[in-house]
Amino acid sequence: MLSVEEALAELGRTDTRLVDHARLAWEALSGGGGPETVTQWRVQQFCWFELAAADRLAGRRWPLAEGLAALLDGLGLGRYAGIARSSTTREVLLAADQSNGGHTLADRASQRSGIHPPDTELVTWRGRCGPVEATLYELVADRLEIAVVLGDLQPGTRGWRDQQAELTLAVLTTPHPAFDDRPPYEALVAERVHRWVRRPRSTTRTGLLAPLERRLLGRVDPGMAAPARSLLRPMDWLLTEIHEDGLPLTAAGYLPPRTVARALDELGWRDEIVGPASREVDAYPVLVLRESATRLGLVRRRSGRLVRTQSGRAAVADGRTLWLEVAAGLVGPEDSALATAWEVVLAVLEPGDSVPEQDVRALVQSVVAESGWRLAGRRDPVGVDTAPLFFAVLRELRWLELVEESGALLDRRLQARPGAGELFRAALRHRVLHTAQG
């Protein structure tokens, strides 16, 4: 194999037009390293994403890719050269030159290549990430490349996505020299948790979450199926009430009166209602429970019926699965003021201590404001603005029976029910590992 300088010199004797382009592209691709640093992931990343995103290179993107391809050929890396000069690369870069971005084309091509690390039950990858995750992401891509080259992984064939996920999980969980002979996933979790706790702007948030950092490093097990199901009694009741063919809804789309009455009686909520409540809109706890099940992805409406989703069917069959599904969806993946409120409330209640409701509301207000959320007109939110966020979280936790309230109205205290703290910790850990935002 020629050295880079030798290959550039050889290229200069045959095609002087490409030498400058080749040299510039190589520096950007390799960072000054040798041919051994080149991988399929790096070539694809450079040609399909980095070149396309570099506005200063408009009109020069394709010549740079051609120069890189010629140099890779000279280095004996013909397979990588084929990617650089491929029709896919040309389409992506021309789209970028025409201000169409080409990102969608690039993303599809990356997915089709088979070496794009898939999201798994252990982690959802982030574009903006820390150095540990970036290193591990490339390790996974390199392992997938080997499998594709050897023919062990054939993109587009039956079951290849499952095989790709299995290979990814193997890299995450197998001890590796680059991570002190520990499973790389442990380092990834530590980095994610550390960055999540110390997100900029809110010192109040950092102070609140710091005591949780060590407890979030380890996986939270739901325990035995029966206790897990018992903890989520209202949700289990609703899922069980829905038959295989669904539960017919009223013309207005609400639960039928008979189901509402059964919920109030069997869940012991009748005393919480003022006056007769035969309709869901009049039975607030039942309404919140159904809305929560929908938000968690356990039920949905279909043709005038309330049906269990695939997740809901799995949850009704196994208490551990129900626990895991609720933990996964409790906070949600979005980056919003409401999600921030969820983080605060769960972090406060997770240890199991009894805390004044007013203190939790004040924490929500402080963290939401310090985190940069603003109202229309760019006004900083005050307590009256963030109170609805707090009560949206509290009402769901209350009617899922995950929190206990005590004391007089003006001296109300909150406390996680026995066993709920572990669920809250699992929900926060899932938030850390499966939210796209950093």
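A residue counts as buried when its relative accessible area is under 20%, as exposed when that area is over 50%, and as partly exposed in between. The model on screen is predicted, and this cut-off is needed at several stops below.

**Whole chain**

Start with everything displayed. The protein contains 21 helices and six strands. Along the principal axes, its C-alpha atoms fill a box of roughly 90 × 50 × 45 Å. Of the 438 residues, 47% are buried. The accessible surface is about 21,100 Å², and carbon and sulfur atoms contribute 52% of that. Among contacts with a separation of 6 or more, 66% are between residues 24 or more positions apart. Colour by charge next: there are 54 positive and 58 negative charges, and their mean positions are 4 Å apart.

**Stop 1: E401**

Select E401, in the loop between α20 (383–399) and β5 (403–406). Its phi is positive, about 60 degrees, although the residue is not a glycine. Is E401 buried or exposed? The relative accessible area of E401 is 15%, which is under 20%, so E401 is buried.

**Stop 2**

Move to the loop between α9 and α10, where D181 sits. D181 is another non-glycine residue with a positive phi, here near 60 degrees. With a relative accessible area of 57%, D181 is exposed, because the value is over 50%.

Now select P183, which is found in the loop between α9 (160–173) and α10 (184–197). Leaving aside residues up to four places away in sequence, P183 touches L172, T173, T174 and P175. To reach the next stop, draw a distance from P183 to R79: their C-alpha atoms are separated by 31 Å, and the two residues are 104 apart along the chain.

**Stop 2: R79 and E145**

Show the side chains of R79 and E145. They form a salt bridge, with the closest N and O atoms 2.5 Å apart. The pair links distant parts of the chain: R79 belongs to helix α5 (residues 78–84) and E145 to helix α8 (residues 131–150), 66 residues apart.

**Stop 3: E241, R262 and E266**

Select E241 and R262. This salt bridge has its closest N and O atoms 2.7 Å apart. E241 is in helix α13 (residues 233–241) and R262 in helix α14 (residues 257–266), so the pair ties together parts that are 21 residues apart in sequence. E241 is buried, at 12% relative accessibility, while R262 is partly exposed, at 33%.

How far apart are R262 and E266 in helix α14? They are four residues apart, which means a separation of about one helical turn. E266 is partly exposed, with a relative accessibility of 40%.

**Stop 4**

For the protein, the count of salt bridges comes to 33.

How values were computed
Residues numbered from 1 in each chain as written. Predicted model: local features only at pLDDT ≥ 70, side-chain atom pairs only at ≥ 80, totals over all residues. Heavy atoms only, no water. Helix = DSSP H or I, 4+ residues; strand = E, 2+ residues; numbered from the N terminus. Buried < 20%, exposed > 50% of the residue type's maximum accessible area, 1.4 Å probe, protein only. Contact = heavy atoms within 4.5 Å. Areas by Shrake-Rupley, 256 points an atom, 1.4 Å probe, with all protein chains shown as cover. Lys, Arg positive; Asp, Glu negative; His and termini not counted. Charge placed at Lys NZ, Arg CZ, Asp CG, Glu CD. Salt bridge = Lys/Arg side-chain N within 4 Å of Asp/Glu carboxyl O.
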